[in-house]
Every structure is written in C-alpha cells, then in structure tokens.
Amino acid sequence: MRTRLPLVVSSFLLAFLALAPLAGAQMHGTEEFAFYPDDAGFDPAIPTLEEVVGHAWGERITSPEEAQSYIRHLAAASPKVTVHEYARSWEGRPLVYVVVASEANQGRIDEVRANNIALTDPRTTDAAAAEAVIADNPVITWLAYGVHGNEISSTDAALLTMYHLAAATTDELTDTVLANSIVVIDPMQNPDGRNRFVSHYRQSKGRHADSTLASVELNEPWPGGRGNHYLFDLNRDWFALTQPETRGKVAAFMHWRPQIYVDLHEMGGDATYYFPPQAVPYNPNIAPQILDWTETIGENNARWFDRMGFSYFNREVFDAFYPGYGSSWPTYQGAMGLTYEQASSRGLLRDRSDETVLVYRDTVQHHYIASLSTAEVAANNREGILRDFYQYGLTGIEEGRTDEIREIILPPGQDPARLDRLVALVMKQGVEVARASEAFGNVVSDYQGGAATDREFPAGTYRISMAQPNKAFVKGLLGPDVPMDEEFLKEQRRRYLRREGDQIYDITGWSLPLLFDLEAYTASEPSTAADVLTRDMLTAAPDASATVHGGEATVAYLVPWGTQAAVEGLATLHGHGIRVHTAGAAFTIGGREYPAGSLIIKVAGNPDDLHATLEMIAEHHGIDFHATNTSWVEDGISFGSNRVRYLKKPKIAIAWDRPTGSTSAGATRYLIEQAYRYPVTIIRSQQLARTDLADFDVLVLPDAFSFGGGGGYGGVIGEQAVAGLKSWIRGGGTLITLGAGTRWLTEENVDLLSTTRKVKEIAEDAEATETVDGVSTGLPAGVVPEEEQPSGLPGPILRAQLDPEHWLAFGYGDHINLIAQSRNIYDPITIDKGLNVATYLPLDELLVTGVAWQDELEVIAGTPYLMYQRLGAGHVVAFAEDPNFRAYFDGLNGLFMNALFFGPGY
C-alpha cells in the first residue's frame with residue numbers, strides 16, 4: 001500500500017501510478033516480474049494479458065469479454081491449459097473452468113478424475129485400492145473467483161494465477177504444484193454482475209482515476225454488480241441451486257470432487273486481507289481434519305504475506321456455521337472450504353481511513369499470492385490430504401451407523417411432486433436416497449419436536465440413511481436442527497443484553513424438509529434390513545410424470561389445488577389463453593375430493609383444441625388434469641355457484657430500483673418469471689407516481705433491506721401517489737407488500753394497513769440481574785428502557801397458524817413454516833378492519849429450528865405474519881417478512897402465488 005501524498009498532488013500522481021505498468025510486470029524470461037518475488041522464468045511463448053487485451057495486470061479492471069478472450073489465447077498457447085464451459089448465465093455469457101496441469105497429467109486427465117472419484121466411496125474402493133490411488137494421483141485444488149460481480153480483483157487475480165502456472169519455467173513452486181496437483185480455476189463465477197460493474201466503472205471514470213470516496217466511479221448505482229441477472233447473491237445459492245451459474249458450478253464440482261475449494265472475495269475497503277482459520281462458531285458437522293488442514297493453509301498464507309509485507313487477519317469474522325457458502329458447502333463433500341477476502345478498491349484507487357490509498361493492482365497481487373500459496377500447500381501435502389479425503393467417506397459411514405439419527409423418512413404427503421424436487425435437489429449434491437417399494441413401519445420423531453411414535457409409511461416413501469459417505473451433508477442440511485456452540489451463544493447473549501449486536505453471520509435455520517414445508521421424520525434405527533435399502537436405492541433422480549386423466553372431457557377439467565404443480569399449471573393455462581375458474585370452497589365429484597382453490601377449466605368458452613393443449617401442458621410441466629363429463633357434485637359447492645370465481649389473466653408489476661432491496665426484488669421477479677414462467681413488468685419505484693396503474697391488476701412492493709437497498713418507500717411515493725394508489729386498489733387492484741414494504745403501509749400518511757408495529761416491553765431492571773455462569777451480563781440498573789424496538793432474529797425457522805378459509809391460504813393445512821429476521825412485528829388486525837391470515841404460534845410452539853432469544857420470541861408470538869385488508873373492490877396483502885427470501889423457501893410459494901393469481905379474481 002502507498003501512503004497518501006498531500007491532497008494538492010495526490011489525485012493526478014496516484015492516477016498516473018495506477019495506470020503505469022509496474023517495472024518488468026509484463027516482461028518474460030529471467031527479468032523481474034513485479035507481482036512475484038522470485039525469478040519464475042516466464043515463457044515468452046505464453047501470452048500475457050497485455051499482449052491479448054491491451055492492458056497490463058491490474059492496470060485496468062478486466063471485462064468479462066476480455067477475460068474470456070485471454071483464457072482462449074492462453075489455452076491455445078499452452079498444452080498445460082484446457083478450458084471447459086460448465087454453464088451459461090441468464091444473459092448468455094459463458095461460465096468456464098480452466099484445468100491447469102502438467103502435460104503428463106493432462107494426457108491422463110480422465111484417469112486422474114476417475115481415480116479421484118473412487119476415493120469418495122470406501123464401499124467400492126477398499127483400503128488397498130485407495131492407497132494405490134493415493135500413491136499415484138495428484139491432489140485437486142479448485143480456486144474460484146468473483147462470485148460477487150463487483151468484487152473485482154478476483155477475476156484479474158485468476159487470470160494472473162493461471163498465466164503463472166502455465167508460463168513459469170524456473171519456479172520451484174510451480175514445478176511442485178504441477179508435479180503433485182491439478183489446479184482448477186473458475187475465473188468468473190458471476191459474469192453478468194461483473195459486466196454490470198465494469199460497464200458502470202468505465203462509463204463513470206474520467207481521464208484519471210479518482211480515489212475520492214464520494215466520486216461516482218466508486219459508487220455503483222442500484223442494484224450494483226454484486227448479484228447476477230436476477231440479483232441473487234450466488235454465494236447463498238449453493239444448496240438451493242436456483243440459478244444456472246450455481247447449478248453448473250455444483251455439477252462441475254461433483255464431476256471432479258476437489259480436495260480444496262477456495263472462494264476468493266472482496267470486503268470493505270478499510271480492511272486488509274482475510275484468510276482462515278474461520279471465526280467461531282463452527283458447524284459441528286464439519287470433519288475435524290478439514291479444520292486442521294484449513295489451519296495449515298492459513299499458516300502458509302501467513303508466511304507468504306509476511307514475506308511480501310502484506311497485512312492480514314483471521315478468526316474474527318466469516319464463520320463456518322451456515323452450510324450454504326462457497327467456503328462451507330464444499331466441506332460437506334469432504335473438501336476444505338475456504339474464503340479469502342481482499343479489501344476492495346471498487347475502482348483503480350480508493351482512499352482509506354488511515355490516510356493511505358488502496359491501489360487496484362495491489363488487490364490483484366494479494367489474491368494471486370494467496371492462490372499460489374494454497375496450491376503450494378496442496379502439492380506439498382498431497383498424500384496426507386488424499387488420505388484424509390478418503391477417510392471422510394469412511395468416517396461418514398461409520399458415524400452414520402451409530403448416530404442418534406439413523407434415517408430420515410419423507411412420506412409422499414400432500415405434494416409428492418414438491419418432495420420429488422427436494423429429492424432431485426439433494427441427489428445432485430451426492431446424497432443417496434431410497435424409495436420404498438413396499439410399506440414399512442418404524443418408531444419416528446417429527447421435525448416439530450414431538451414425542452417418538454410408531455408410524456406406518458406407504459410405498460413410495462423416501463428413506464435417507466445416515467450411513468453414507470455424505471453423512472455430514474445429510475445431517476447438516478436434511479436433519480431437523482444444527483446446534484450452535486454453547487460458549488459462543490453465551491457471548492452472543494451478553495452482547496444482546498448490552499445492545500452490541502450479535503456475531504452470527506447468516507441465518508440459523510435451513511433444514512431442507514422444513515424449507516420445502518414437507519412432512520419429515522427421523523428414526524433412531526433403520527426401518528428395514530440393509531439389503532432392502534440397497535434394493536430400493538435410486539439410481540436417477542425422480543422425474544415427475546403427469547397426464548390428463550379420464551380422456552377428453554365434455555364438461556370440464558379439474559386441477560386439485562395445494563401443490564406447486566397446480567400453481568405452475570395456472571400460470572401456464574393463462575399463458576395459453578385458457579379461461580380458468582377457481583372453487584372458493586371444497587367439493588366432491590366422481591368420488592374425488594377437491595379442496596378450496598381447485599381449478600375448473602370448463603370446456604364451454606375455451607378453444608376447440610383444449611384437450612390437446614392440456615395434454616401438452618401435462619406432459620411438459622408435470623401437471624395432472626382430471627376430466628369430468630358431469631358438473632353434478634356429490635358434496636360441496638357446484639360449478640355454477642357464486643363462490644366459483646373466474647380468474648382473469650393478471651397483469652403484474654414489481655417495484656424496482658431504490659428503495660427496494662435488490663435481492664428481494666430480484667428473487668420476486670425470478671420466482672414469477674422463471675420458476676412459474678409468468679410475465680411480469682418491472683417499474684422503477686420513482687416512476688410509480690407517474691404510472692397509470694389501471695394497466696395492472698397486481699403491484700408488488702418488495703422488501704427494502706438488502707444489498708443494494710436502503711431508505712423507504714415514503715421517499716419515492718409521495719402524498720399524491722398514495723392517493724392514486726388507494727384509488728387503484730378501490731377499483732380492484734391488488735397491492736402486495738413484503739417486509740419493509742409492509743412497514744410503509746402502516747405509516748401515518750399512508751394508512752393502508754390498520755395495525756401498528758409492536759415494541760418490546762422490558763420488566764424493570766430484569767436484564768440488569770441476568771447472569772451467565774455467575775457473571776453479570778446485563779447493564780447497570782436504571783439504564784435499560786421500559787420499551788424499545790425488537791432487535792430482530794438471526795433467521796430461525798418459526799411456525800405459524802393459517803386461516804384455511806381465506807383464499808390466501810388455499811392449498812395449505814393449518815400450519816406453515818417460515819423464516820423470521822426483521823424487526824417488523826405488528827399488532828394483530830382487528831376483525832372489523834381485516835384478517836390475520838397467518839399468525840405466529842404461541843411461544844411454546846413457535847421455534848422449530850435455529851437460534852432465537854426468548855425475549856424476542858415473546859414479542860413475536862401470536863402476531864401476524866400475513867395480513868389482509870379489503871379496500872373497495874381491491875385488496876392489500878401484507879407479509880411481515882419476505883416470503884421469497886433467496887427463492888428457496890419453497891413451502892411459502894403458494895401463499896405468494898395465491899395473492900398474485902387469486903387476488904384479481906376475488
């Protein structure tokens with residue numbers, strides 16, 4: 001880093017320094033290479049970045065197109081480099097990984113990969129065979145860069161790292177790395193986000209780089225480059241696999257199964273450099289040997305950073321508890337998962353609070369040195385790392401045979417297709433699943449903490465044994481709960497009482513059966529003999545099949561409501577211009593019961609090719625239709641009842657840009673547009689006041705607290721716009737608000753929701769007397785307020801009661817799982833004003849899994865999660881939290897989709 005010069009000269013001189021190549025930086029052979037301290041003897045036949053795209057390493061921020069061009073040229077010039085495309089982004093950009101290996105290993109690369117995969121399963125690779133592989137096979141190091149598109153140094157460091165390994169001829173480190181390892185480099189995990197950032201920077205930068213924090217070039221406009229096209233944080237999508245970038249990356253990872261996976265990021269510009277060991281708490285499902293190797297890598301990084309004079313830190317932040325990061329998910333595959341974080345310049349120069357200037361070129365160098373250091377550790381410890389990798393699978397099987405949970409049981413339940421999606425999801429991540437070919441019984445416990453009971457399960461029930469190589473994944477992501485370290489929790493309690501904020505980095509509840517809102521059980525003993533489990537083991541993910549039952553109808557086709565397939569079916573029917581009705585109450589016809597919300601597609605009034613269209617929809621979308629040649633019902637409402645509503649094809653708009661949170665707005669758009677394949681219009685929030693909402697049936701206001709968000713809707717929707725919004729709702733519009741959008745409805749000058757935010761009442765001096773291990777953790781008596789805003793929750797999964805008679809809850813039973821994070825807690829709406837469609841359960845039933853303080857649960861218990869209020873002919877639908885959070889709470893999709901599609905019909 002450079003000490004800042006006097007202000008009168010710093011801007012121009014520093015700009016010159018940032019743009020001038022470092023001495024010898026692009027030179028080949030034995031001349032000095034400024035980014036690396038030793039003489040590496042770079043081969044002049046291997047092109048540098050400057051020779052391909054026109055700028056030196058770290059001189060400019062390389063665009064996605066320039067990076068891809070360089071990679072192609074490098075692979076063409078070096079027999080050590082091969083390029084493999086693993087996905088395409090939403091915007092059509094290629095995502096690739098580069099395999100760098102010695103020519104000898106490139107010549108046997110398929111054999112190397114097959115041998116490596118053999119180490120993952122000790123049931124098919126015995127100890128002797130494993131030792132033969134360990135004696136001969138290279139270790140695999142995977143270096144991944146730029147999952148957040150505006151963390152810019154990562155990709156340039158990736159290009160420099162692959163050049164070094166391909167071009168160095170007299171470097172001992174490179175010789176060792178290529179002799180003992182294969183290095184897989186994913187240079188750009190988020191090309192769409194990087195393109196958004198680079199476009200902004202190049203458009204904003206003037207003749208000289210400006211280090212001033214207030215300068216336009218250092219301040220991205222909404223939504224910033226962090227997210228992908230749909231503004232997802234791809235570093236939270238690992239186990240959800242909602243985005244093509246993640247799906248391709250995980251498939252590539254599973255194809256190779258590396259021993260080391262490093263995710264290289266950036267953080268705030270006033271920081272230095274972070275590498276593990278991680279902060280506490282550790283997830284208890286992480287194998288101890290993985291943590292030991294992580295420490296070894298950290299020590300080697302420290303030696304390099306000390307030699308180069310780079311500052312760094314570790315253990316203070318970035319924990320390993322949440323399993324959905326790039327640094328944690330690989331640990332559930334037996335790999336070392338590590339995060340490296342470089343202070344971000346967010347441009348070529350950035351002023352720092354210590355009166356120095358952070359230079360982009362330096363940030364690239366730091367990531368580059370850390371990358372080489374990591375590859376060095378892998379190569380120098382090849383046999384030990386491979387042996388522990390093999391041991392991981394062996395230990396998983398052994399522990400699974402004695403674990404307190406021996407088996408997870410998932411019966412078909414109300415929505416078998418949703419269960420199939422979960423099974424397919426985890427099978428893509430290496431989990432072994434059996435589907436029972438016959439009924440069986442076992443003593444089981446449910447995921448809500450009920451007592452163990454003897455239950456029978458039908459054929460078709462899924463069974464997941466804990467005794468498998470990926471036992472850690474099964475228990476860590478499919479089990480009901482992951483406990484957090486007690487000492488860590490005591491410290492968080494102390495911080496909570498002192499209003500210091502907790503050190504919990506992400507959500508604490510993520511059990512996949514709960515996210516999918518599925519019936520799930522654990523058993524302390526296997527349900528059947530091992531040979532039955534083996535016989536029933538799936539070799540391929542389940543594939544939903546559907547059809548039109550009953551042939552061509554003369555009266556109507558029916559779709560039972562209550563499944564995600566039914567929602568997708570409604571969206572698809574609208575897309576084909578088919579008229580659809582919905583039943584406002586249950587009915588029975590032909591001996592089959594249809595719940596409230598079920599779809600009625602009448603033959604009369606629809607196109608002549610209706611049957612053929614429905615057959616096509618059933619085949620391609622997995623939606624079952626049931627033909628009926630009579631409208632005579634045996635029970636419930638009739639087709640001609642005024643409780644059967646015509647569902648118009650709604651025109652949907654989403655507020656976009658500030659103050660919306662980018663991840664909330666993006667996930668909402670993604671769910672409608674991609675997951676359910678329905679068109680949606682995005683409108684900048686600032687334009688809402690000038691937009692004729694009569695063109696729309698539904699308006700969604702996303703949450704406003706997220707990366708790229710900030711502020712409130714009051715800043716862009718003024719008094720006149722509020723009046724227009726109320727008029728639109730009275731005329732039949734449906735307004736849906738999420739999270740902070742709902743809070744805006746309660747403001748005095750808006751008055752669209754008849755409730756107020758709750759405050760937390762504190763008993764006099766109660767906190768001052770609280771102790772942990774006999775030590776007072778509270779504040780002195782007399783300084784604690786009598787009431788204050790709740791502090792929020794660290795993402796536990798809670799349980800809510802539903803009003804099944806309201807159309808917003810159609811398709812659900814009495815309860816639902818949901819996630820809570822914010823301070824948006826409201827008093828219940830009184831019956832004369834509206835309805836509380838979903839209400840948090842009482843305190844003793846509220847918490848399902850995760851971490852939450854009793855004080856906060858007492859405030860939220862019995863309060864509404866989903867509120868409904870009628871205004872004229874229209875509706876206000878208000879979610880206290882964002883039901884579309886990260887688009888992986890599949891069990892909540894139905895509530896949101898009911899609001900979108902049923903609102904205009906009611």
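**The pockets and their setting**

Guide: The largest pocket has a volume of about 1200 Å³. A pocket here is found on a 1 Å grid over the protein atoms alone, as an open set of points where a 1.4 Å probe fits, with protein on both sides within 12 Å along at least five of seven lines; lining residues have an atom within 4 Å of a point. Grid points are joined across faces, edges and corners, and a volume is the space filled by probe spheres set on the points. The lining comprises 43 residues, and those closest to the centre of the largest pocket are Ile507, Leu793, Gln821, Ser822 and Phe885. Helix H16 (486-497) and helix H21 (662-675) are the elements that contribute two or more residues to this lining. Helices (H or I, at least four residues) and strands (E, at least two) are DSSP runs, numbered from the N terminus. By class, the lining of the largest pocket holds 15 nonpolar, twelve polar and 16 charged residues. Nonpolar covers Ala, Val, Leu, Ile, Met, Phe, Trp, Tyr, Cys and Pro, charged covers Asp, Glu, Lys and Arg, and the others, Gly among them, count as polar.

The model is predicted: local features need pLDDT of at least 70, side-chain atom pairs count only at pLDDT 80 or more, and totals for chains, interfaces and linings use all residues. Residues are numbered from 1 along each chain as its sequence is written, and side-chain values use heavy atoms, with hydrogens and water left out.

The second largest pocket has a volume of about 980 Å³. Its lining consists of 33 residues, with Arg421, Glu568, Tyr670, Ala675 and Asp890 nearest the centre. Two or more residues each come from helix H14 (416-427), helix H19 (564-575), helix H20 (610-621) and H21. H14 gives the most to this lining, with five residues. The class counts for the second largest pocket are 18 nonpolar, seven polar and eight charged residues.

Pro659 lies in the loop between strand S28 (652-656) and H21, and the peptide bond joining Arg658 and Pro659 is cis, with omega about 10 degrees. Another cis peptide bond runs from Trp222 to Pro223, with omega near 5 degrees; Pro223 is placed in the loop between helix H9 (191-204) and helix H10 (244-256). In the loop between H10 and strand S6 (260-267) is Arg257, which has a positive phi of about 55 degrees although it is not a glycine.

Three strands form an open antiparallel sheet in the order S23-S22-S26, with strand S23 (592-594) and strand S26 (635-636) at the edges. Strands pair if DSSP finds at least two bridges between them; three bridges join strand S22 (residues 587-589) to S23, and Thr588 has Glu593 in S23 as its bridge partner.

As for confidence, pLDDT (the predictor's confidence in each residue, from 0 to 100) averages 93 over the protein, and 94% of the residues score at least 70. Over residues 1-33 the pLDDT stays under 50. The pLDDT is also below 50 over residues 706-710. Where pLDDT is low, the predicted coordinates should not be read in detail.

Terms used. Contact means heavy atoms within 4.5 Å.
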